[in-house]
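I opened this notebook to record helix packing and charge pairing. The entries follow in the order of my look-ups.

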Amino acid sequence: MNQVEAIRAVQKMQDYIENHIYEEITLKQLSNAAGYSSWHSARIFKETTGRTPFHFQRMYHML
């Protein structure tokens, strides 16, 4: 996976979070949105943003 693919996958996960902000979101749902395994999706999200997907969700929800 190159940098552009990682950024696109993370953007898909962020979009999913934004579109489902008031729902319970699982890592499986985010990984399906990204098109990668749960483990890999969580890893690239943290590598790209410096935060876990669920930390991002909590921060976004507070806005």
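Is Glu47 buried or exposed? I found Glu47 exposed, at a relative accessible area of 56% (buried is under 20%, exposed over 50%, partly exposed in between, with a 1.4 Å probe and protein chains only). The model is predicted, so I noted that local features need pLDDT of at least 70, side-chain atom pairs count only at pLDDT 80 or more, and totals for chains, interfaces and linings use all residues. Residues are numbered from 1 along each chain as its sequence is written, and side-chain values use heavy atoms, leaving out hydrogens and water.

Charge pairing. I looked up salt bridges (a side-chain nitrogen of Lys or Arg within 4 Å of a carboxyl oxygen of Asp or Glu) and the count is 1. Glu47 pairs with Arg43 at 2.8 Å, N to O. Arg43 is partly exposed, at 32%.

Helix α4. In α4, residues 53–62, I noted Pro53, Phe56 and Gln57 as buried. They cover an arc of only 100° around the axis, which puts them on the same side of α4 (the arc is taken over directions from the helix axis to the C-beta atoms). Arg58 and Met62 are exposed on the other side. The buried residues pack against α1 (3–19), α2 (27–34) and α3 (38–49) (contact is heavy atoms within 4.5 Å).

Helices α2 and α3. I recorded Leu27, Lys28, Ser31 and Ala34 of α2 meeting Ser38, Ser41 and Ala42 of α3.

Technical notes:
Helices (H or I, at least four residues) and strands (E, at least two) are DSSP runs, numbered from the N terminus.
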